[in-house]
Amino acid sequence: WGIVRREEVHARQLHCGAWSRDDTFFVTGSRDRSLRAFVGVTESSTDQLGDPMVGDGAVVKFDAGVSAVEFCTSSFAGAHVAAVGLESGRVCVIQWQKSEQVLSKPVVTDVDHEAWHA
C-alpha cells in the first residue's frame, strides 16, 4: 500500500468517508459542513484516483458538520444513494446520478426522525 495523493480539501477535521458500491467514486465528510466526492477506480486506469469529482454534486454543503456517511448496497434507477449523519442529529438521504467523473446536483431528503418515535 502507498499514498496515492495527499491534499487538504476540507477546512476542518475529517470525520468520515465511504466508497460508492461500484468503487467509481468516494466521499469524505467533515466538520466544515461539507461532503466532497473524489474519483475512485475506473476501468481504464488508476491515474485519476483521488482527483476531485466535478459537477453540481461534487461538493454538498450542510448546516452542520458531517459525522457519518454510508452508501446503499444497491443503486436505484442508476442513482447512487447514501445516508449522511450530521452533528446536529439530522439524517439525510442523498441521491446522485453519475456520468464518468461528473456528479449531478444531488437530491437531498431529510429523514423524518419524528416518525421513528411515533
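These notebook entries record what I looked up in the model, starting with a sheet and moving on to salt bridges.

**Basis.** I worked from a predicted model, in which local features need pLDDT of at least 70, side-chain atom pairs count only at pLDDT 80 or more, and totals for chains, interfaces and linings use all residues. Residues are numbered from 1 along each chain as its sequence is written, and side-chain values use heavy atoms, with hydrogens and water left out.

**Sheet.** I took strands as DSSP runs (E, at least two residues), numbered from the N terminus, and counted two strands as paired if DSSP finds at least two bridges between them. On that basis I found an open sheet of four strands in the order β5-β6-β7-β10, with antiparallel pairing. Its edges are β5 (66-71) and β10 (107-110), each of which pairs on one side only. Neighbouring strands are turned against each other by 25° on average, direction ignored; the axes behind this angle are lines fitted to C-alpha atoms, and angles run from 0 to 180 degrees between N-to-C directions.

I then looked at the pairing of β5 with β6 (residues 80-86), which is antiparallel over five bridges. Here alanine 68 stands opposite glycine 85 of β6.

**Salt bridges.** My criterion was a side-chain nitrogen of Lys or Arg within 4 Å of a carboxyl oxygen of Asp or Glu, and the count by this rule is four.

I looked up glutamate 70 with arginine 21, whose side chains form a salt bridge at 2.6 Å, N to O. Because glutamate 70 lies in strand β5 and arginine 21 in the loop between β1 (14-19) and β2 (25-30), this pair ties together parts that are 49 residues apart in sequence. For exposure I used relative accessible area (buried under 20%, exposed over 50%, partly exposed in between; 1.4 Å probe, protein chains only). Glutamate 70 is partly exposed at 43%, and arginine 21 is partly exposed at 44%.

I recorded arginine 90 as partly exposed at 26% and aspartate 110 as partly exposed at 46%.
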